[in-house]
Amino acid sequence: MDTYQDLITQTFDFPNADFQVRDNELFFHDIDLMALVEKHGTPLRLTYLPKISSQIQRAKQWFAEGIAQTGYTGSYSYAYCTKSSHFRFVLDQALKNDVHLETSSWFDISIIRSLYEQGKVGKEKFIICNGFKTEEYKRDITALLNDDFVNCLPILDSPNEIEYYHEHVQAGKHVKLGLRLASDEEPRFQFYTSRLGIRYADAVPLYEQRIKEDPRFELTMLHYFISSGIKDTSYYWTELSRFIHKYCELRKICPTLTTIDIGGGLPIQTSIQLEYDYPYMISEILRTIQRICAEEGVPEPNIFTEFGIFTVGESGATIYSILDEKLQNDKELWYMIDGSFITNLPDTWALNQRFIMLALNGWQRPYRKIQLGGLTCDSQDYYNAEKHIYQTFLPQLQPARQEATTDQPLYVGFFHTGAYQESLSGYGGLKHCLIPAPKHVILDRADDGTLTDTVFAPKQTAESMLKILGYTE
Ligand SMILES: Cc1ncc(COP(=O)(O)O)c(C=O)c1O
């Protein structure tokens with residue numbers, strides 16, 4: 001009999017540092033997941049805070065090593081891109097690791113104000129204000145500037161944006177500005193150039209005509225972002241080179257331009273198998289910048305990154321019970337979960353995003369090729385392919401004959417689900433077919449290593465949705 005454990009250990013390098021199996025049950029970062037399920041039930045959303053810190057520290061270490069190896073002369077700063085998860089517990093944890101912050105919209109500035117009032121962010125913190133700016137966003141950014149948040153950097157996303165700061169930044173203030181360049185998209189995209197940022201050709205005139213002569217402003221940062229992520233492809237290296245050449249061109253006429261921001265896009269693990277060589281990519285980025293700066297005879301810039309998914313993605317897990325199985329024809333066996341992919345893990349549906357998927361128990365049982373079905377009525381609410389094998393396997397639902405327990409349900413976990421999923425599905429809001437958001441539990445380690453679990457939010461209630469729908473006050 002081939003067990004689920006045989007399948008996983010023969011397919012992947014398993015166990016590894018993050019996942020182990022003890023007595024046929026899965027442990028994640030040494031956390032007994034079945035114990036948590038017994039205590040909190042399912043569906044269950046977990047956030048393991050220590051992973052946020054360790055991710056930040058890993059990236060800082062890779063950059064430090066890359067800088068040492070290459071002799072790069074600029075510095076490296078880590079900013080956290082708040083949109084990947086705005087929760088307070090995430091920001092609190094990230095800020096423990098000396099990070100700066102990147103914002104993307106109006107309400108983000110209220111978060112910055114709140115963190116400031118709590119003493120978690122000082123006025124010297126770099127606040128990199130990205131995104132297309134509405135009137136309200138510009139207003140709140142300007143209030144920070146006039147309030148002496150000296151490292152709050154509006155990143156100009158459109159040539160007209162600067163007019164607002166011209167009009168509303170007080171005389172005598174000294175404001176650092178950034179400028180985002182519009183990258184060309186990957187060839188498979190439906191359009192050629194990103195709608196975000198300023199055309200390459202407009203960068204120098206914008207600086208010459210609207211920034212240079214005003215004593216309140218200095219251009220210090222050039223920014224770009226590759227939406228398909230930091231990948232070892234000729235497209236990525238071409239866009240990086242084009243960006244660095246533009247930095248060099250501007251640097252020659254603008255001596256205050258000391259820094260580049262190369263955006264987010266550092267990937268996370270979406271399969272148990274390690275697949276990404278982080279130190280190599282980071283060293284190659286440094287070498288590329290170094291080479292072009294040497295050719296052009298300009299100083300190597302300081303580097304900022306704004307990693308979102310990398311910071312918070314691997315801290316998350318989402319656990320479901322298998323409620324029932326349905327054999328819909330001779331071959332297609334469905335396992336029905338007590339949640340929904342569309343509403344709880346919307347990237348699986350919208351972007352075909354894959355996550356690490358593993359059974360929590362039943363590892364001694366034979367495995368089955370299955371499709372996972374969500375509770376909404378939508379035919380697209382399913383998950384049936386892993387990153388590499390385009391199939392999904394889980395233990396059989398019925399306990400094996402020799403098992404002592406006869407009534408233990410089967411549980412499945414999706415791992416590294418910590419970024420973007422709640423904001424895309426509308427946390428606390430209406431959900432497709434009114435399938436509620438899972439209970440959310442925050443896991444942390446005390447100084448002596450003991451695991452703590454705190455309920456952040458109970459499972460969403462009918463009352464919360466009825467109120468939004470106007471049935472109740
Ligand atoms: C400007 C900018 N910076 C950073 C990020 C974060 O990207 P990621 O979560 O892939 O690191 C995004 C994501 O859309 C972005 O638009």
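## Ligand contacts

A backbone N or O atom of Ile-309 lies 2.8 Å from an oxygen atom of the ligand. That is a polar contact, defined as a pair of N or O atoms within 3.5 Å; within protein, one must be able to donate a hydrogen and the other to accept it, and residues adjacent in sequence count only if both atoms are side-chain atoms. Tyr-420 places a polar side-chain atom 2.5 Å from a ligand oxygen. Glu-306 uses an N or O atom of its side chain, 2.6 Å from a nitrogen atom of the ligand.

The residues around the ligand are Cys-81, Lys-83, Glu-102, Arg-180, Phe-225, Gly-264, Gly-265, Glu-306, Phe-307, Gly-308, Ile-309 and Tyr-420.

## Basis of the model

This is a predicted model: local features need pLDDT of at least 70, side-chain atom pairs count only at pLDDT 80 or more, and totals for chains, interfaces and linings use all residues. Numbering runs from 1 along each chain as its sequence is written, and side-chain values use heavy atoms, with hydrogens and water left out.

## Two domains

The protein divides into domain 1 (4-49 + 313-468) and domain 2 (72-307). These bounds come from an automatic or database domain assignment. The domain centres, taken over C-alpha atoms, are 35 Å apart.

## The domain interface

Domain 1 brings 27 residues into contact with 15 residues of domain 2. Contact means heavy atoms within 4.5 Å. About 1,800 Å² is buried between the two domains, and carbon and sulfur atoms give 61% of this area. Buried area is the accessible area (1.4 Å probe) that two parts lose on being put together, summed over both.

One salt bridge is counted between the domains. A salt bridge here is a side-chain nitrogen of Lys or Arg within 4 Å of a carboxyl oxygen of Asp or Glu. On the side of domain 1 that touches domain 2, the elements giving two or more residues are helix H1 (4-11), strand E15 (356-359), helix H14 (421-425) and strand E20 (439-445). Helices (H or I, at least four residues) and strands (E, at least two) are DSSP runs, numbered from the N terminus.

## Salt bridges

The structure holds 24 salt bridges. One of them pairs Asp-147 with Arg-113, at 2.8 Å from N to O. The two residues are 34 apart in the chain. Asp-147 sits in the loop between helix H6 (135-146) and strand E8 (152-156), and Arg-113 in helix H5 (residues 106-117). Glu-275 and Lys-387 also form a salt bridge, with their closest N and O atoms 3.0 Å apart.

## Backbone features

The peptide bond from Phe-14 to Pro-15 is cis, with omega near 0°. Pro-15 is in the loop between H1 and strand E1 (19-22). Thr-42 and Pro-43 are also joined by a cis peptide bond, with omega about -5°. Pro-43 lies in the loop between helix H2 (33-40) and strand E4 (44-48).

His-29 is not a glycine, yet its phi is positive, near 50°. His-29 belongs to the loop between strand E2 (25-28) and strand E3 (31-32).

Terms used. Near = heavy atom within 4 Å.
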